[in-house]
Amino acid sequence: MTALRRLGFAALGIAMALAHRSVHAEPTPELETLLDENIVTTASKSAETETTAPATSSTLTAEDMQRYGIHTLAEAINYLSLGAITFDPLFTAEIGARGVFLKGDQGNHFLLLVDGHTVNEQLAGSARFDHGLGVPIELIDHVEVILGPGSVLYGSNAMLGVINVVTKRAKYWNGAHLVGESEFGKSFRASAGAGTTFRLLRLPSELTVAFEYYRQKGPYFTFEPQLYGANDLVSGMPLRTRREGPPDGIWGGTAYRSYYSEVPAGQLRLVTGPFELSAHASTFKRSAPYESYLINRDSDFDSPDSYTIDRSLWFDLKHHAGLWEGVDLDSRVYLDSYDSRTFASVSRVSGCLHPGTLTCYKRETSVAQWIGAEVQATVDWLKTGHLVTLFGLDGRLRKFVFQQDVSDFDTGRPLADSQGIIRARDETLGAYLQQTWRPLRSLSLNGGARYDFDPRFSPVLSPRLAGSLGVWKGGSFKLVYAEAFRAPTWIETSLATSDVILADPLTPERVRSFEVSFDQRFGAQRLSMGAFRSSWQNLVELHPLSIDELKAAQAQGKLDLFKSVVWSQYQNIATIDDFGFTGTYEGSLDHDALRYGLNVTGSVARRNDRTGTERPIEVAPRFFGNARVSYDLPGDLPTVAVAAQFKSNALTDRSLDGGWPRTPIAPGQLELRATISGPVPGLRMLSYRVSADYAFSDRTPYVIGLHQTYYPTNRAYDTWYLAPVDTFRVTGGLQMDLLP
Amino acid sequence: MITILTKSLASFFVALALAATMSSCLEVPIIHVEPEPTDAGDAEASRPPVTDASADAPNSCYACVKAPSVPGYGCGNEWDACEADPQCAGTMECAIPLGCLALPDQSSIINCGIPCAREAGLDVSSPSLQLVIALVTCGETTCGPICRGEVDAATR
Amino acid sequence: MFRGGWATLFAAAVSAAGLSLARVGNAELVSVPLERQAELLARVASYDRNMLLRAGSRVQVLILANDADPDSIGVARRMEAVLHSIPDIAGLAHDERIAPFSSASELARLCRAQHIAIVYFGSGFARDIPAIRQALDGADILTVAAVPDYVELGVVLGFDVLSGRPKLLVHLAQARRQHVDLRADLLKLARVFE
């Protein structure tokens, strides 16, 4: 035997000995460590510990949401999660992660699930993370935030991550529950819900149901006057920014009537035997107190009639069956209906352009309806859980409606033909395969891919490879490579109006991501650090056409400059390169009485378009995170908690396309929330929660008002104004739990 | 087995029926507005005839802007003053073929014209700016319907 | 509303096949992964003051399977494999084997005869737990359930997921009847049923 072969055999022998040692000699972790480690189901569609899950994740628990005064999913993400962040432009929350933020995307780069049901509507892929989610916060058991590409199992939209809101089961929400809560002087919320277990047709069953009504009005923000700087080109008079009074060319003042929202919602889950039926219904009406290039464009100042209302209705029926030993079949059918209407009252003559009409009422209508079915088979080949294959198919039939209309605000008479008309139907199909293998107790491997078919583009493959290795007691490494995509929306592919030219065939946006992380647990403490690198291609944006592009489009017969002059076109135009780190430290002492946690994320993200110019990403902070500490006082004394969220300064949303001579920068933010909660003394069924919130910065990174871009010919347009923040808020509420 | 099959198919068809109901509740009618008849009164008599009703559409906008400033028609006076100024002329001869005057709102017109103004050397301190504003104001109001294609020049 | 096409047929086929070709299905879901259940069991057993006396030098674990339920057999086999890889239970060496369930009285007899210290129930036993509970009254044995709902029915220890974390479930009254004396610091971490 040669020396080399001897060496090889020796190395193999050592490896086997180490493996054997690893298999049989690794001590069982302490009980606290075992009970503190989260069980996640979203990353691989199967229950596993966070350590072995093929992605970086954080779990936001109901208990933490209660103790830290959390009211919405967006707040939970900001105060409790790792790597993800939301902004509130006083309209609907926007979300980004790991340094990547795509302004105006309405959350369509995150996949949002409620009990595994996709809630991103299918026309624009949008999702709501604030009160518009329509799930009462008391009904939430926990939220799994999975960072990084997740299309391998879920398909389109899961580029930044997947967020799954899991509702409570009846056995942990038994009885009736009533909640009344108010942000004093600004909003109130009432919620009623119940949970019960029973037998239906001799099958063990349970029902959880909750209804909620949320209403917010104010605060009354005062906006600095913004001078238009020239007369209305059509009327020759000063610009009209309100219906009432004479036109004065000034936008601004106190918005008394136009900052409000209203959300009635209901959520139900019925489990009977192997069936589970979920249902949801909600409306989300909101109005922002300002105009910008994305919100209330050209609309009158402080108009309560400029608003958006979404309606959502969905049903989801699941079934679980064990076919044979080691073979399970899960089936699902679902049905969704979503519509959104945006209204804007426009009284400026150059915006309305209909003689004899004081105010035009512009309306944009979107409707998306879809029905789908998913079947998923799980095969445990060795019947030990060590070699498991998951195979699934998910098909949908979809229907879309979109159009823009304008009418006379006072008479309701239509003033022009509908434009931007979209009437479409399509069918999509996703087929996915996932293989998990645990050759050793400390080594877990996961590989998979999903193939998505959409009639508008070539099939897309989204692979993922992940592995986690336990190296010593409580310590583990994880490596993940994954890809994801976002299908262009039907609006992006099919919209054509007087200022948007029909897009050339668009390809899906793609992201590739690689991450490595290390996790160490010791008792009730946990430290985790990670690094990531992602590369984004073919980002779809509404691109303003240059003069040359306009002339070229006209020469190709794509537009007639004198019949309809177009300004922009949806194009696959941008790429993003992003790398950074994440860090977490959390734990508890004194038998969980004292709890604390810290999450930080730092990143460098650069955007590139066809011009070759590399620039930072607007709105996205380079450094952000949160910290929290709470203490359960003994007996009937309350729990006191303080949480903080912080963001570094960032470019505003118009910093790079506004043509400003000096780049607008939004200040960083530090927001503190102190909460005290507990049972009302002497009344066991009644509990209270009071929180006070203070934000150190009074500005968001959103440019508002008339001054959206710099006009060198108009001196009045040399400064920008940012949307305000409600810096001080106090919220109090009572909850009554009537247990059976 | 038959009971299960029946129940599952029944649930699927119930779902289809529900979907059909939801769909019909969300009908969105497409609106078409009949164009209002033009007033063929004295105003028409004062308009110079357009000799070729099938003239190229781009020329209609030019023709209107250059037409004599008879009240209600043409921006000839403003055009002549602009033509005499190189910066104004350069700006408008770029902006009109691009269809800037056909745009529906003020901010769009400005956006459209700014690259032309830069190319022509126009800036905020230039006296030529007033000539541009005067011509644009006239073009947007008087010739706006023609430049935006809302009205066929031959029938106006 | 829907035009014909392969996707329509697919949706109908999935719905019908998925719901009708499958068996009625398993309503008894195991929520905590079995690896984690085994690790928790190994630790919780050391909080039972009577475990050392009950087990002697080696802990005998009996894993029950319902032969008529494929899910139950699968859970049992996976738990057996996982327990093999656990170094110790309550600091003691251990043996585990699967046995089919026949009756509550037979189970009680088997446990006495073979000095079983821990009985682990896979899924598929919802109807049998009340009878098993009665049969094991007075026996010196720790019963553990894969399905969390069994604890309320009378199994001493179970595991569930609450707010995304494992939660211990303990039937305290049944624990006393089966001479399982769990320490107070463990009970503070558990959801206790009387």
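Predicted model: local features only at pLDDT ≥ 70, side-chain atom pairs only at ≥ 80, totals over all residues.
# A tour of three chains

E26(A) pairs with strand E27 (residues 525-544) of chain A in the antiparallel sense, over 13 bridges. To see one pairing, pick Arg512(A): its bridge partner in E27(A) is Ser535(A).

Which strand is joined to E26(A) by 12 bridges? Select residues 475-486 of chain A, which form strand E24; E24 and E26 (residues 509-522) run antiparallel. Here Tyr481(A) has Phe514(A) of E26(A) as its bridge partner.

**A sheet of 5 strands in chain A**

Stay in chain A and select strands E3, E8, E9, E6 and E7. In that order they make an open sheet of 5 strands with mixed pairing. The edge strands are E3 (56-61) and E7 (117-118), each of which pairs on one side only.

Next select residues 73-80 of chain A. This is helix H4, which packs on the sheet and touches E3, E8 and E9 of chain A; the direction of H4 makes about 60° with that of E8(A).

Go on to strand E8 (residues 140-147) and strand E9 (residues 161-167) of chain A. Do they run parallel or antiparallel? They run antiparallel, and 7 bridges join them. One pair to display is Ile146(A) with its bridge partner in E9(A), Val162(A).

The domain assignment gives domain 1 as residues 1-33 and domain 2 as residues 37-738. The centres of these two domains of chain A, taken over C-alpha atoms, are separated by 46 Å.

**Two helices in chain B**

Select residues 86-98 and 128-141 of chain B. These are helices H5 and H7, whose axes come within 8 Å and cross at roughly 40°. H5(B) and H7(B) are therefore oblique to each other. Their crossing is right-handed.

Show the side chains where the helices meet. From H5(B) come Gln87(B), Cys88(B), Thr91(B) and Met92(B); from H7(B) come Ser128(B), Leu131(B), Val132(B) and Leu135(B). Sorted by class, this contact of H5(B) with H7(B) has 5 nonpolar residues, 3 polar ones and no charged ones.

**Helices and a sheet in chain C**

Move to chain C and select residues 34-44 and 70-84, which are helices H2 and H4. They pack at an angle of about 55°, with their axes 9 Å apart. H2(C) and H4(C) are therefore oblique to each other, and their crossing is right-handed.

On the H2(C) side, display Leu34(C), Glu35(C) and Ala38(C); they meet Val75(C), Arg78(C), Met79(C), Val82(C) and Leu83(C) in H4(C). How many residues of each class does this contact of H2(C) with H4(C) have? It has 6 nonpolar, no polar and 2 charged residues.

Keep H4(C) on screen. H4(C) also lies across strands E1, E2 and E3 of chain C, running at about 160° to E1(C).

Those strands belong to an open sheet of 7 strands in chain C, in the order E2-E1-E3-E4-E5-E6-E7, with mixed pairing. Strand E2 (93-100) and strand E7 (190-193) stand at the edges with a single partner strand each, so one side of each has no neighbour in the sheet. From one strand to the next, the twist averages 25°.

Finish at strand E1 (residues 58-65) and strand E3 (residues 118-121) of chain C, which run parallel and are joined by 4 bridges. Select Ile63(C) to find Tyr120(C) of E3(C) opposite.

Key. Residues numbered from 1 in each chain as written. Chains lettered and ligands numbered in written order. Pairing = 2+ DSSP bridges. Contact = placed C-beta atoms within 7 Å. Axes fitted to C-alpha atoms, helices over the stretch in contact; angles between N-to-C directions. Domains from an automatic or database assignment. Parallel < 35°, antiparallel > 145°, perpendicular 65-115°, else oblique. Left-handed = near helix turned anticlockwise from the far one by under 90°. Nonpolar A, V, L, I, M, F, W, Y, C, P; charged D, E, K, R; others polar.
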